Amino acid sequence: MDLGVCYYPEHWPEDRWAIDAAQMREVGLSRVRIGEFAWSRIEPKPGRFDWGWLDRAVEALHEAGLGIIMGTPTATPPKWVVDQMPDMIAIDRDGKPRGHGSRRHYCFSHAGYRAEAARITRAVAQRYGGHPGVVAWQTDNEYGCHDTVQSFSGSARDAFRTWLATRYGSIEALNAAWGNVFWSMEYRSFDEVELPNLTVTEANPAHWLAFRRFSSDQVIAFNRIQVDILRECSPGRDITHNAMGFYTGYDHHDLAADIDVLGWDSYPLGFLEMFRFSEEEKRAYAHQGHPDIAAFHHDLYRGCAIDGRWSVLEQQPGPVNWARYNPAPLPGMVKLWTMEAFAHGAELVSYFRWRQCPRAQEQMHAGLLRPDGEPAPAFAEAREAADALGEFQGLDQSATPRHAAIVFAYDAEWITQIQPQGQGRSALWAAFACYSALRKLGLNIDIVAPSADLSDYPMVVIPCLPIVPDALVAALEDYEGEVVIGPRTGSRDDDFAIPHNLAPGKLGPLVGGTITLSESLPDRLDERGSHGVTGGWYDHYSGKAEPAMEGERDQTLCWKHGRVRLCTTWPDRSAFATVLEQAARDAKLPVQNLPEGIRERQIGNVIVRSDYLNAETSWRTT
Ligand code: GAL
């Protein structure tokens, strides 16, 4: 695994570049990511390029022996681009424009902006595509950051209509699939279909699902334009993009299919503060991040990526600036996070950023260097990580065990967001809960798409998958391991309707019956019994399966039909974890009960142990 850093030569005087580059090498870094926000310096005026500074920066970094990951600067169109076509600005759900002055202000559907993005991408790719120092490309930056995938603009509406026409063929087919007769919502032509915002009460969930799919496809199409140009102008270089944490705005399986390496940006302390962790977890792990945050995304994005090639393109090195509160990591955490990424098979960990910037939006965001250019605490830890990684050069990863697969699909999360039915009952967080429960058992987990080959896994968990594709049905028919299925699985068809044979739809034969009624339950109705906490949801089952776990009030928490367990309680309740442990034992997996804050992951013959409470990382061989 390589170490790298995100660097912005345009923020610093030119005489610093060679000093910075030499110091990067001293720390043990071999990669540097640059350029992703530099459009206004590359092309200060329309068509007038200023390459001189970037040529010299590339040279300085290359001469120091750093491999450059060059970003296309399309996340930050300069003011003159906006002035040339003001309607390229994205429109938010309330109908308000998302103006210039920060970043990501473009609408993915705007044809003029797509052409501009292609033009600047080609210019940069032609300039540096053959440079020996440029080893990889990053497209844009964090698609969807600041909630920017969906745009409710005129361009989006027009493109959505075209997209619907392609998908449904006729307006009658759309009306039927969506059930538009329900409130006299039937359309006479695709030109009558509006975007699903600004309705009086909720729009038809099928309308929303189509719009979520469309918005995702727009991201993929936008990205593909850049990928095609980069492949043409810079053959042989990897193309990557940086995904985010707990973010599902577009289908990452689709994006990953077009690129070589899927990156993601790991900010465990910010994510702990901003996402749905308990007060107790926030207190215990304020300076470490919850022990499963980074690991979950490592395994999720490895599962999305072609050939499992993934990296951390941005790694938190100290306090960030964007969470509600921004504590510093405990001494040791930067090294621990780096080794955790190694344990999950990353190709690269790149710290964000090299030097804290004294001006503009991210003044309070730490780097490896302080604003005055002196080392920040993470500097020494990056060096320690580089030394530790030296021990593992050439590690044979083929011996990495596959214990359990968790099946996750992006449309599952879209469905539970569009129609939660019970507040907070989310497919993504159901997957996280299952992941966390299995990880506490010391297992190696892969998070995979419903189309994945499951045959190598002793155990498969489907936490919450409303739409079950045929490929998964087929894979499960021949599957010989243990299966655990959670609520809402198979509960919708492709157009958001309840299947004619009820949930779990096509999986009915697998579980030997159907769900006849679903209840969502508030947290206050949670029950504590001998199997742990139950609640959040309750599915009433009818069929041939045997009760495998009974609750305290005459409800069945888990049904068993052959090697398939059907759980009726929500996956983030501990009774579900009890079911997972039973299934793991039946699958003869090497179950451990790791102490609080301890996690282990095996890569090749190396087991990396992370002690999150004490910020210590260690490893042993099997
Ligand atoms: C990421 C982004 C970076 C920077 C960083 C700060 O979301 O890609 O450009 O803003 O957050 O933590």
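How many salt bridges does the structure hold? The structure holds 45 salt bridges. Before I turn to individual cases, please keep in mind that this is a predicted model.

Let me begin with one of those pairs. The side chains of Arg 599 and Asp 292 form a salt bridge, with 2.7 Å from N to O. Arg 599 belongs to strand E20, residues 598-603, while Asp 292 sits in the loop between helix H11 (279-284) and helix H12 (293-304), so the pair ties together parts that are 307 residues apart in sequence.

I now move to the domains. The protein is divided into domain 1, covering 155-207, and domain 2, covering 404-589. Taken over C-alpha atoms, the centres of domain 1 and domain 2 are separated by 31 Å. Six residues from domain 1 and five residues from domain 2 take part in the contact. Between them, domain 1 and domain 2 bury about 420 Å², and 47% of that area is on carbon and sulfur atoms.

Arg 167 forms a salt bridge with Asp 494, and their closest N and O atoms are 3.5 Å apart. Across the interface of domain 1 and domain 2 there are also two residue pairs in polar contact, both at pLDDT 80 or more. On the side of domain 1 that touches domain 2, the elements giving two or more residues are helix H6 (154-168), helix H7 (171-178) and helix H8 (205-233). The residues on that side divide into five nonpolar, no polar and one charged.

Next, the ligand. The residues that surround the ligand include Phe 37, Arg 103, Asn 141, Glu 142, Tyr 267, Trp 322 and Phe 352. Asp 265, Glu 314, Glu 362 and His 365 are also among them. How far is a polar side-chain atom of Trp 322 from an oxygen atom of the ligand? The distance is 2.8 Å. For Asn 141, an N or O atom of the side chain is 2.9 Å from an oxygen atom of the ligand. For Tyr 267, the corresponding value is 3.4 Å.

Most residues other than glycine have a negative phi, and most peptide bonds are trans. Glu 142, although not a glycine, has a positive phi of about 40°. Glu 142 is located in the loop between strand E4 (134-138) and H6. The peptide bond from Phe 352 to Arg 353 is cis, with omega near 5°. Arg 353 is in the loop between strand E8 (348-351) and helix H14 (377-390).

Finally, the peptide bond from Ala 503 to Pro 504 is cis as well, with omega near 0°. Pro 504 has its place in the loop between strand E12 (482-485) and helix H18 (508-511).

Technical notes: Residues numbered from 1 in each chain as written. Predicted model: local features only at pLDDT ≥ 70, side-chain atom pairs only at ≥ 80, totals over all residues. Heavy atoms only, no water. Domains from an automatic or database assignment. Contact = heavy atoms within 4.5 Å. Buried area = accessible area lost by both parts, 1.4 Å probe. Salt bridge = Lys/Arg side-chain N within 4 Å of Asp/Glu carboxyl O. Polar contact = N/O pair within 3.5 Å; in protein donor to acceptor, adjacent residues only side chain to side chain. Helix = DSSP H or I, 4+ residues; strand = E, 2+ residues; numbered from the N terminus. Nonpolar A, V, L, I, M, F, W, Y, C, P; charged D, E, K, R; others polar. Near = heavy atom within 4 Å.
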